[in-house]
Amino acid sequence: MTRPITWRDRARYQFDKSMAAGPIALIGWLAVISLIVIVLAGLLLAVSGIAQDGGEPVSFIEGAWESLMRTMDAGAMGGDVGWSFRGISLAVTVAGIFVFSALIGVLSSGLDEKLDELRKGRSHVLEKDHTIIFNWSPSIFDVISELVIANRSRRRPRIVIMAGKDKVEMEDEIADKIPDLGNTRIICRSGDPTDLHDINIVNPQASRAIVLLSPEGDYADSQVIKTILALVNDPSRRPERYRIAAEIRDAANAEVARIVGGSELQLVLADELISRIVVSSSRQSGLSGVYTELLDFDGSEIYALEQPDLVGKSFGAAVMAYDTSTLIGIGTTDGKVHLNPARDHVIAAGERAILIAEDDDTIRLRTGDFTVDRDVIRPRPPVTRRAETTLLLGWNRRGPIITQELSRYVPPGSRLMIAADTPELLDEVAAMPYLKENLSVECRVIDTSNRAALDALDVPSFDHVLVLGYSDHLAAQPADTATLVTLLQLRKIAEAANTHIGIVSEMIDVRNRDLAAVTRADDFVVSNKLVSLMLAQASENELMADIFDELLDEDGSEIYMRAVTDYIAIDRPVNFYTITLAALMRGEVALGYSKAGAAVRDARGLGGVVVNPAKGEAVQYEAGDKLIILARD
């Protein structure tokens, strides 16, 4: 049998509910208590006729005012005369002390709660035309740095970050890692990027672009896909398309992400991007510098713009129409990208020119004439391919992708030796898919930092050496440390054999690249840096992911480093118009050049590459110099 509910129970319940409403309710109750005390004291003084000695009896209004003053300030009763009046004033003052002490406590507690709420970063963002970054990873600092450079010419740029991390911690880390933010302001919010309510805190409806980083920990791709799903299918989303650039680790999850994101999404497949650049760089030293130059905002980058003056021109004629920009392809009206199309392709209205330029405001057609020295152009030399041998030291989740990509590039009969110190190596190598008709694979479990173990591999006998970090089992810094030790051992082996060993190494943290320079490796592929650059570019250029998909696809046009003497004679200075024509005659596009020995003087660490040179400037080339060429083979 249930107990009957009394009026006291109901009153207590209503009181409890009001108290749970927070500081505002508490202040209200204190105001009610104060009002009761003041009214009772005023009534008592008015009805009883009690007044200070020698004074006239006070009215209710006057009595209430006297009580209010003594409630707010205990010192106000210091001049009271008459024990009856003093007694009432004392009672009112004591009540006021308790009421106002409680009020101060409530206000202090409420202020602390509000400050804690602000510290948690849960207030709504009211910015417009801002860039949003979801999730926190080591790549975020490079992404922010690149966006800061891209924002230099914009008015009041804002970057809003949301991650499951303390707001103050995020702000402190950014201030420590990126001291100069230029004209860009960073706004951090704490929340769950997969939760629709939290996502709306950063105001995606008014955003300019959205960058989705792959978070640290397990199920990273699932979290990224869930965030895309929440953004695209939000019932209150804006009708205009979002511009979303998302990082996916495993290519197996790419199709699901594309289905969810549709045309609003650009995917950066981190592991495939790094693996393809590692393979390309291992076979052509200096290529990672070319990719870095194309991806970062500090120098020349890729733009996709409509150029009405090119309508009706052939692609070959359009390539020669620019002096300070380099035309590399066409974006068709249906959104497809064609790099290095046929020379006779006629550019139609609505098609976008894909160009390399220092800035979009420098893109303009040549106004004067140009000269070409046809006498120095050489015919295409015969190409002979032989089987290659490659040594892969170290192992991580990108190893199988690198092996598969390598098997697509090398001639039949090539050999790959994999040597690493990971327990699962033999099983993973046995299960790898690759073109076995092109590549035979051997595997050894060794300590890759041990000199004796490396000597047993006969390192100088290999054409190419790749060094991967143990990033699956070690944090970034320990993994890079192990890589540095291996590179130093390889340097000693090369010195002992009095020979050059072509080495390309993967570094995880860009800060370790300068340390690695002492090992004299030919090239370094900084994995986190490249992924960050790609995400930043994709957030600014909606065709960037498709452009790099074709650049890194063995079936499309790729970037090659080729001897300058294969194209021109080097007995006199030659301008880049001549080299551009020499490349066009072979169905290729010349992007730039690399001077032998220039890497030592290269302040930007790009291996001495020069992308998008001024075509009218004559340069004296030397034996050993290379041209950067976009070609299909």
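**Figure 1. Contact residues of helices H10 and H13.** From H10, the residues Asp-271, Glu-272, Ser-275, Arg-276, Val-278, Val-279, Ser-280 and Arg-283 meet Ile-401, Ile-402, Glu-405, Leu-406 and Tyr-409 of H13; contact means heavy atoms within 4.5 Å. The model is predicted, with pLDDT of at least 70 needed for local features and 80 or more for side-chain atom pairs, whereas totals for chains, interfaces and linings use all residues. Residue numbers start from 1 along each chain as its sequence is written, and side-chain values use heavy atoms, leaving out hydrogens and water. H10 spans residues 270-283 and H13 spans residues 399-409; their axes come within 9 Å and cross at roughly 45 degrees. This makes H10 oblique to H13, since angles under 35 degrees count as roughly parallel, over 145 as roughly antiparallel, 65 to 115 as roughly perpendicular and the rest as oblique. The crossing is right-handed, the term for a near helix turned clockwise from the far one by less than a right angle, with anticlockwise giving left-handed. Axes are lines fitted to C-alpha atoms, for helices over the stretch in contact, and angles run from 0 to 180 degrees between N-to-C directions.

**Figure 2. Helices H8 and H9.** H8 (residues 220-232) packs with H9 (residues 254-261) at an angle of about 10 degrees, and their axes are 9 Å apart. H8 is therefore roughly parallel to H9. On the H8 side, Ile-225, Ile-228, Leu-229 and Val-232 meet Val-256, Ala-257, Val-260 and Gly-261 of H9. Helices (H or I, at least four residues) and strands (E, at least two) are DSSP runs, numbered from the N terminus. The protein has 20 helices and 22 strands in these terms.

**Figure 3. Glu-264 in the loop between H9 and strand S6.** S6 covers 265-269. Glu-264 is buried, at a relative accessible area of 10%; buried means under 20% relative accessible area, exposed over 50% and partly exposed in between, with a 1.4 Å probe and protein chains only. Not counting residues up to four places away in sequence, Glu-264 touches Val-232, Arg-237, Glu-240, Arg-241, Tyr-242, Arg-243 and Ile-244. Val-232 also belongs to the H8 residues that meet H9. For the protein as a whole, 50% of the 633 residues are buried.

**Figure 4. The buried side and N-terminal end of helix H6.** H6 runs over residues 167-177, and its buried residues are Lys-167, Met-170 and Ile-174. These residues lie on the same side of H6, because they cover an arc of only 65 degrees around the axis, the arc being that of the directions from the helix axis to the C-beta atoms. An α-helix has 3.6 residues a turn, so residues three or four places apart point the same way. Exposed Ala-175 and Asp-176 are carried on the face turned away from the buried side of H6. At the N-terminal end, Asp-166 caps H6, with a side-chain oxygen 3.1 Å from the backbone nitrogen of Val-168.

**Figure 5. Leu-391 in strand S11 and His-464 in strand S14.** S11 comprises residues 389-393, and S14 comprises residues 464-467. Leu-391 is buried at 0% relative accessible area, and His-464 is buried at 15%. Leaving aside neighbours within four places in sequence, Leu-391 is in contact with Met-417, Leu-457, Val-459, Phe-462, His-464, Val-465 and Leu-466. The C-alpha atoms of Leu-391 and Val-459 are separated by 7.6 Å, and the two residues are 68 apart along the chain. With residues up to four places away in sequence not counted, His-464 touches Ser-282, Arg-283, Glu-388, Thr-389, Thr-390, Leu-391 and Gly-502. The side chains of His-464 and Glu-388 are joined by a polar contact of 3.4 Å. A polar contact is a pair of N or O atoms within 3.5 Å; within protein, one must be able to donate a hydrogen and the other to accept it, and residues adjacent in sequence count only if both atoms are side-chain atoms. In the protein, residues 24 or more positions apart account for 75% of the contacts with a separation of 6 or more.

**Figure 6. Asn-135 and Asn-498, two loop residues with positive phi.** Asn-135 is not a glycine, yet its phi is positive, about 80 degrees. Its loop lies between strand S1 (131-134) and helix H5 (140-150), and Asn-135 is buried at 5% relative accessibility. For Asn-498, also a residue other than glycine, phi is near 55 degrees. Asn-498 sits in the loop between helix H16 (476-497) and strand S15 (503-507) and is exposed at 72% relative accessibility.
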